[in-house]
Amino acid sequence: MGSDERTHLGEDSGLNSYHVGPFQMPGHLVRSSCTCNPLTPLASHGAEMWLPVVLSAWPMEFANLMENSVRARLGGLLQLPNGAGIITAPSGTDVELLPVIMAKSLFPEAKRVRVMVAAVNEIGKGVAAAAGGEFSSVTSPTEDCGDEDHCDELTETDITDFVKSTTMNARDSEGNYIDHSDLIAREVAEGLATKEPVIVHSVFGTKTNKREPFPSGTGCEADDASNFVVVDACQGRYSLAELHDILDKGALVTITGSKAMSGPPFSGALIIPPKLMERLQRVEAKDVWMPPMLRHYFTRHDFPLSLPAFRLHLPLLQNKGLALRWLASLEEMEAYFKAGGDSDEARARVDEWAAAVTAKMVKEHPQLEVFEVNDSVINFKVIPQSTGKALDVNQLRKLYALLTKDLTPMLLEQGVSLSEEAAKVAATKCLIGQPVKICETFGIVRLALGAPDIRALMEDMNVPQAVSVDAQILRKLSLIAEHSATLGVL
């Protein structure tokens, strides 16, 4: 329970749209933590360990499991301040529906809520839609879980009729980052004049791991704030100090147990800062604004016991799939922090890795061009020598799929002569970050380290060993670029 078409598996391949399966894939070289990970050995162990507990849990046992084995454990790992709250969600996209619910519950007299979403072309699919109260998928996460009574209530006007949504692109037509501070200031001023709450969604780590500046002037830190800031940290590339700083500013934070933390996909959560949590706890059940649409995404057990008024409005379902995904993710997160993944030493090793990989790209792979290096994510263009033009996002999608396959039969069938070394490269299966559209003329693909990779750098693997993995991926990328016309990329 709690998924959408992104993780539906092909009947023949058993893989999702990212060419990844819900199992371990040891035959692949993996640098895809910014998109979707195969199941890691540690997460697999966690899922197997918790599976009988989750499946056999009775309602009260399941409530305790979500409260203590998921939320309390997650809060402890992130060292959240006293009084902070956590709401779990099927995904980092679905969790974006919640801030509007909070704003309307705190300000029931407001006719609508103004929502602003930054970097819409560099955040998760459907985030802008969900933030504006729309269905972000054609699939209802709860429809197959026995709660059929509400299936005829599948309507998004429950929320959208009360929302004015504004979206903001990350970059201009040339790929340069856009400053939206004036636009945000105008919307906040208009919201104040019309007595309409304003929710500003910022991003702490886009798909390229670019970080939006924290929106200033919203007043979200005030005890009676009518405006809210939601920081999308779902990429998981934050330090605990950075996370705490965002919460200290009064912002809500969305996170996942997947992406950089490398747990199974579709394990989302919303972290509520203490001041806002106190205000929500004072809302009475009769004043909670909970449209029927929300019952497609959330269950009573997703909300903490300290928000009883909100819990009363949600179905008493057990989202065992979500529980299991979070429990598996927490195994990876716990190991990451225990190994010193959130340390200056780890960040120095990541910087060393990025410098070595980009140097190799510049020196040995002229058809690959570095676009941006943002900490543990290397973003680069692919420029086939035959055209001299960077591939656009549609062409990169073809390249992305080809990386996951053994290309030897395809190349030989097209009459391409391969040396023993080239045949070995062609047969290598690689998973990297999916393409991102930067502007109309080009896109980029990504190499990204995840929690297991950084843990390995700290525990038992030196940087050159890590770079050797990337070297093989770069050779496969260059081979595809060289034969891009033959392979149908162009």
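Five aromatic pairs turn up in a search of the whole structure, where rings of Phe, Tyr and Trp (its six-membered ring) pair if their centres lie within 6.5 Å. This is a predicted model, in which local features need pLDDT of at least 70 and side-chain atom pairs count only at pLDDT 80 or more, while totals for chains, interfaces and linings use all residues. Residues are numbered from 1 along each chain as its sequence is written, and side-chain values use heavy atoms, with hydrogens and water left out.

Here are two of the pairs, with planes under 30 degrees apart counted as stacked, over 60 as edge-to-face and the rest as tilted.

| Pair | Centre to centre | Angle between planes | Type |
|---|---|---|---|
| Phe 298 and Phe 303 | 6.4 Å | 85° | edge-to-face |
| Phe 303 and Phe 310 | 6.2 Å | 15° | stacked |

Phe 298, Phe 303 and Phe 310 form one aromatic cluster. Buried means under 20% relative accessible area (1.4 Å probe, protein chains only); Phe 298 is buried at 0%, Phe 303 at 3% and Phe 310 at 2%.

Now to the helices, which are DSSP runs (H or I, at least four residues) numbered from the N terminus. Helix 14 (residues 420-427) packs against helix 16 (residues 463-482) at about 100°, with the axes 9 Å apart. The two are therefore roughly perpendicular, a label for angles of 65 to 115 degrees. Their contact (heavy atoms within 4.5 Å) joins Glu 421, Ala 422, Val 425 and Ala 426 of helix 14 to Arg 475, Lys 476 and Leu 479 of helix 16.

Conventions: Axes fitted to C-alpha atoms, helices over the stretch in contact; angles between N-to-C directions. Parallel < 35°, antiparallel > 145°, perpendicular 65-115°, else oblique. Buried < 20%, exposed > 50% of the residue type's maximum accessible area, 1.4 Å probe, protein only.
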